[in-house]
Amino acid sequence: MLGTILLLPLALVAHVSATQTRLSSPDAPLLPGSTSDELVYLHRKLVEIESITNNENDVGQWLASYLRNKNFTVELQQVGDKRYNVFAYGKKRDTTVLLTSHIDTVPPYWPYYYNETSGVIGGRGSVDAKASVAAMIIAVHGLTEQMQQDLSLLFVIGEEAIGDGMRAFSDWNKRPTNDIVIFGEPTEAKLVCGHKGILTADLKVTGKAAHSGYPWLGVSANDVIVVALSKLLELREHLPWSEKYGNTTMNLGRVEGGVAANVVAETASASLAVRIAAGGPKAIQGLVTNALKDVKASVEEQGGELDISWSSTGYGPVDIDCDVKGFEKLTVNYGTDVPHLTGDYKKYLYGPGSIFVAHSDHEALKKKELEQAVLDYRRLIVETSFMHNQERQDL
Ligand SMILES: *[C@@H]1O[C@H](CO)[C@@H](O)[C@H](O)[C@H]1NC(C)=O
Ligand SMILES: *[C@@H]1O[C@H](CO)[C@@H](O)[C@H](O)[C@H]1NC(C)=O
Ligand SMILES: *[C@@H]1O[C@H](CO)[C@@H](O)[C@H](O)[C@H]1NC(C)=O
Ligand SMILES: [Zn+2]
């Protein structure tokens with residue numbers, strides 16, 4: 001409590017100066033040369049170290065030593081075999097603001113490049129999410145000593161797969177206490193007010209093989225999966241929607257079945273992902289189960305099977321705080337670690353670069369975008385802690 005009251009005037013000073021940095025002319029450099037060089041260096045090192053999900057150890061160890069050299073206290077939270085979250089702070093372990101992003105990437109690895117003429121920096125992870133990681137760290141450097149002491153950093157593993165890094169942090173018996181958590185993912189420098197939920201499922205059909213000249217002796221798993229998928233295409237037009245998130249969408253991402261043209265297919269399968277715009281995963285499960293009910297009954301009558309297995313990690317739409325002035329706002333259709341952090345926080349989501357290039361072979365962003373993110377993270381830190389302190393004063 002005492003800390004809060006003492007912090008308030010300092011937050012106010014920082015509040016004013018952070019607002020002023022936005023008034024500089026459009027051609028002026030966004031950051032001082034040495035800060036910009038450090039940002040580009042840090043970002044390059046992070047991208048150069050391959051860290052595809054499950055292989056995050058090298059980049060995590062490098063980052064830990066970088067942060068220790070900058071006088072952070074660093075704790076590695078073990079999540080699995082050679083798999084660690086990196087948690088860093090200054091003098092205080094519990095802080096008002098926690099900044100977090102992820103250090104794993106999707107495959108395959110693409111090498112780093114920097115075209116100084118165009119200002120384009122690319123490579124795997126250059127956007128998702130090492131741009132956020134680098135910008136967050138440099139942002140913290142530029143703040144007042146007092147503000148820095150009320151900040152901590154968390155860089156998790158496994159975000160691109162099942163979010164096991166953030167889940168482990170949520171379950172950590174030494175989890176620090178924080179009020180505000182700022183997540184970093186590519187948002188084109190906008191503040192995200194929420195994202196769709198997700199549910200994935202696998203359909204598996206077991207029929208009975210036979211010679212294709214005598215199809216009545218078998219049960220074609222392919223015939224069954226084709227009918228099942230046609231039911232899902234019909235259902236897809238009638239899934240729940242909302243004003244905020246638009247339509248729920250369904251992607252039939254993988255379909256397989258059978259072995260050869262002249263064999264009645266014994267097995268077939270399909271994997272699907274539903275991006276949920278309204279309601280929860282249970283409701284979607286109900287709709288899909290109902291749409292496939294007749295197909296299932298019919299194949300079972302013939303001695304076959306239709307199984308639906310649901311991922312256990314589904315969730316509905318995720319609302320995120322975005323009550324900070326001066327940022328463009330949007331909602332997005334991709335999943336993040338936000339729902340994997342349980343507990344009572346104000347949560348924000350912001351990051352440099354575009355999701356549209358994030359998982360592609362041309363993942364890249366401009367140096368200016370990285371620099372802008374440093375300023376924007378500072379502004380977010382200052383504004384959100386300022387609002388937080390005001391709310392506590394009002395109580
Ligand atoms: C870290 O702390 C040491 C000792 O107080 C100081 O000499 C050094 O300049 C600090 N380094 C940074 C990067 O702040
Ligand atoms: C760097 O960018 C410039 C300007 O867009 C372009 O003309 C040049 O071909 C690029 N260089 C490389 C090596 O891609
Ligand atoms: C949602 O789906 C309806 C019809 O199914 C379509 O007319 C509409 O354009 C879709 N909305 C968005 C935002 O895609
Ligand atoms: Zn990401």
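Predicted model: local features only at pLDDT ≥ 70, side-chain atom pairs only at ≥ 80, totals over all residues.
**Chatting through a zinc site and its surroundings**

User: Thanks. Which protein donors are they, and how far from the zinc ion do they lie?

Analyst: They are His102 through NE2, Asp128 through OD and Glu185 through OE, at 1.9 to 2.1 Å from the zinc ion.

User: And where do His102 and Asp128 lie in the fold?

Analyst: His102 belongs to strand β3 (residues 95-102), while Asp128 is in the loop between β5 (120-122) and α4 (130-141). The pair therefore ties together parts that are 26 residues apart in sequence.

User: Is His102 buried or exposed? And Asp128, buried or exposed?

Analyst: His102 is buried, at a relative accessible area of 1%. Asp128 is buried as well, with 4%; the cut-off for buried is under 20%.

User: You mentioned α4. At what angle do helix α3 and α4 pack?

Analyst: Helix α3 (residues 57-69) packs with α4 at about 10°, and their axes are 13 Å apart. The two are therefore roughly parallel to each other, since angles under 35 degrees count that way.

User: Which residues meet there?

Analyst: From α3 you have Val59, Leu63, Tyr66 and Leu67, and they meet Lys130, Val133, Ile137, Ile138 and His141 of α4. By class, that contact of α3 with α4 has 7 nonpolar, 1 polar and 1 charged residues.

User: Switching topic: what is the strand order in the open sheet of 3 strands?

Analyst: The order is β4-β5-β18, and the pairing is antiparallel. β4 (113-115) and β18 (364-366) are at the edges with a single partner strand each, so one side of each has no neighbour in the sheet. From one strand to the next, the twist averages 20°.

User: How many bridges join β5 and β18?

Analyst: They pair over 3 bridges, in the antiparallel sense. Val120 stands opposite Lys366 in β18. Helix α11 packs on this sheet, touching β4, β5 and β18, and its direction makes about 70° with that of β18.

User: How does α11 pack with helix α2?

Analyst: Helix α2 (residues 33-48) and helix α11 (residues 367-394) pack at about 105°, with axes 11 Å apart. That makes α2 roughly perpendicular to α11.

User: Nice. What residues are in that contact?

Analyst: Thr35, Ser36, Leu39, Val40 and His43 in α2 meet Lys367, Leu370, Glu371, Val374 and Arg378 in α11. They divide into 4 nonpolar, 3 polar and 3 charged.

Key
Residues numbered from 1 in each chain as written. Chains lettered and ligands numbered in written order. Heavy atoms only, no water. Donors = N, O, S within 2.8 Å, 3.2 Å for Na, K, Ca; no water. Helix = DSSP H or I, 4+ residues; strand = E, 2+ residues; numbered from the N terminus. Buried < 20%, exposed > 50% of the residue type's maximum accessible area, 1.4 Å probe, protein only. Axes fitted to C-alpha atoms, helices over the stretch in contact; angles between N-to-C directions. Parallel < 35°, antiparallel > 145°, perpendicular 65-115°, else oblique. Contact = heavy atoms within 4.5 Å. Nonpolar A, V, L, I, M, F, W, Y, C, P; charged D, E, K, R; others polar. Pairing = 2+ DSSP bridges.
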